[in-house]
Amino acid sequence: MSNIKTITALSNLIDAQLACEDIHQQLNNPDIGFILFYCSSAYSLNTLSKSMQHLFSDVKVVGCTTAGEVSHDGNQAHSIVAIGFSASYFSISAELVESMAEFDLLEAQQTINRLSEQCNSKSLSTQVNTQSNLQSDKTFLLTLLDGLSFEEEHFLAALNSAAAGISHFGGSAGGDDDLINTHVYYDGQFFQQAAVVIMVSSSFSFEVFSCDHINQPKDKLVVTEVDAHSRTVYELNAEPAAQEYARLLNLDIKDLCPTVFALNPLAVKVGGQYYIRAIQKVNPADLSLTFYCAVDVGIVLTVVEMGDIFGTLTDKLAQLTLRYGKPQLVLACDCVLRRLEIDHKNLHHQAQALNREYQIAGFNSYGEHINGIHLNQTFSGVYIAGDGDE
């Protein structure tokens, strides 16, 4: 039996074809049965898609563009991070949903059924599935969504209803600060307004989790005018949204930028817990604010003070290590606004040390989700233990 379980590859080469060849060389193992990659949108996506399809013609490959890449060596930029999964230890299936807007409960159920059948049809040397149906405690879902589709909540509601208790998480594809170029990749092609649903089954212990670093609430704002579909808030407290937000922070409107949004986020309280509704941009024409997550008229948004960006995450990873032993991989969807905070505070060495200790790999996203809940400014992922039930 192969000793290869997962392999994480990183290429910082600027040329798309050369970067793909570099990734191929690092993942060139006959036992690799599935590849997940995250890439900068600065690459020529046409060249990258053709190269990936040619080099990995006998392996299923899926992925998405990012707002930054995350590797064992820390946060990356203009790179490709790819994870190869052993066919001996992981049974993985994937499907493309070409239109997130048209995805309903029936399609969600059919998608889950097909993915389950495909996973069950694959014979693992570790004998993951001894029953005719996948066991929910041995299976999780990973979803990659177009980060500018405005359809995440709709899509996730349908998927969560069909998942029937299977843990799932994922992130929204990002772009290199342009808020335009976001894509998911499937079967040799990049798509927009689309999603990729991935089912992973294995005997390795795992846990899907999510962390934020909200410390305490401060000032409150009421959404008084909004276009819910585009997530554009025109008024807060019956004042132009950007103007009122800047006033609370004692800033000039011209000073509002993604780093300010990252350090001074707004959150909504649901069931006694705060969830961040991250600001994407200021629209200068009318001083409105566009958000990464759903907003509606009448909701109360609270300016929240943030704590240690690594505190909650470090505690969570330490708890998981006590429970499962050291990880072979922590697959991460880490919000782009967390990345901006790390950059602003020059915490790259701390991020690199944490990534190395816990084998973290993934991407910086335009939004995260866990078990049907769309989130912002979180670290969401799956902790995969190093030893399976072999």
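This is a predicted model: local features need pLDDT of at least 70, side-chain atom pairs count only at pLDDT 80 or more; totals for chains, interfaces and linings use all residues.

Visitor: How many helices and strands does the chain have?
Guide: Helices here are runs of at least four residues and strands runs of at least two. Counted that way, the secondary structure comes to nine helices and 26 strands.

Visitor: What radius of gyration does the chain have, and what would a compact globule have?
Guide: The C-alpha trace spans about 65 × 40 × 40 Å along its principal axes. For 390 residues, a compact globule would have a radius of gyration near 21 Å, and the chain agrees with this at 20 Å.

Visitor: What percentage of the residues count as buried?
Guide: A residue is buried when its relative accessible area is under 20%. The accessible surface of the chain is about 15400 Å², with 47% of it belonging to carbon and sulfur atoms. Of the 390 residues, the buried share is 57%.

Visitor: How many salt bridges are there in the whole structure?
Guide: Side chains of opposite charge can pair when their charged atoms come close. The chain has 21 positive and 45 negative charges, whose mean positions are 6 Å apart. A search for salt bridges across the whole structure gives 11.

Visitor: How many residues apart are Asp73 and Arg356?
Guide: The side chains of Asp73 and Arg356 form a salt bridge, with N to O at 3.5 Å. Asp73 sits in the loop between strand 4 (69–71) and strand 5 (74–76), while Arg356 belongs to helix 9 (residues 348–358). The pair thus links distant parts of the chain, with a separation of 283 residues.

Visitor: Is Glu244 buried or exposed?
Guide: Glu244 forms a salt bridge with Arg247 at 2.8 Å, N to O. Both belong to helix 5 (residues 241–248), and because they are three residues apart there, about one helical turn separates them. Arg247 is partly exposed at 49% relative accessibility. Glu244 has a relative accessible area of 7%, and because the cut-off is 20%, Glu244 counts as buried.

Definitions and conventions
Residues are numbered from 1 along each chain as its sequence is written. Side-chain values use heavy atoms; hydrogens and water are left out. A salt bridge is a side-chain nitrogen of Lys or Arg within 4 Å of a carboxyl oxygen of Asp or Glu. Buried means under 20% relative accessible area, exposed over 50%, partly exposed in between (1.4 Å probe, protein chains only). The radius of gyration is taken over C-alpha atoms; the globule rule is 2.2 Å times the number of residues to the power 0.38. Accessible areas come from the Shrake-Rupley method with a 1.4 Å probe; for residues, only the protein chains shown count as cover. Lys and Arg count as positive and Asp and Glu as negative; His and the chain ends are not counted. The place of a charge is taken as NZ of Lys, CZ of Arg, CG of Asp or CD of Glu.
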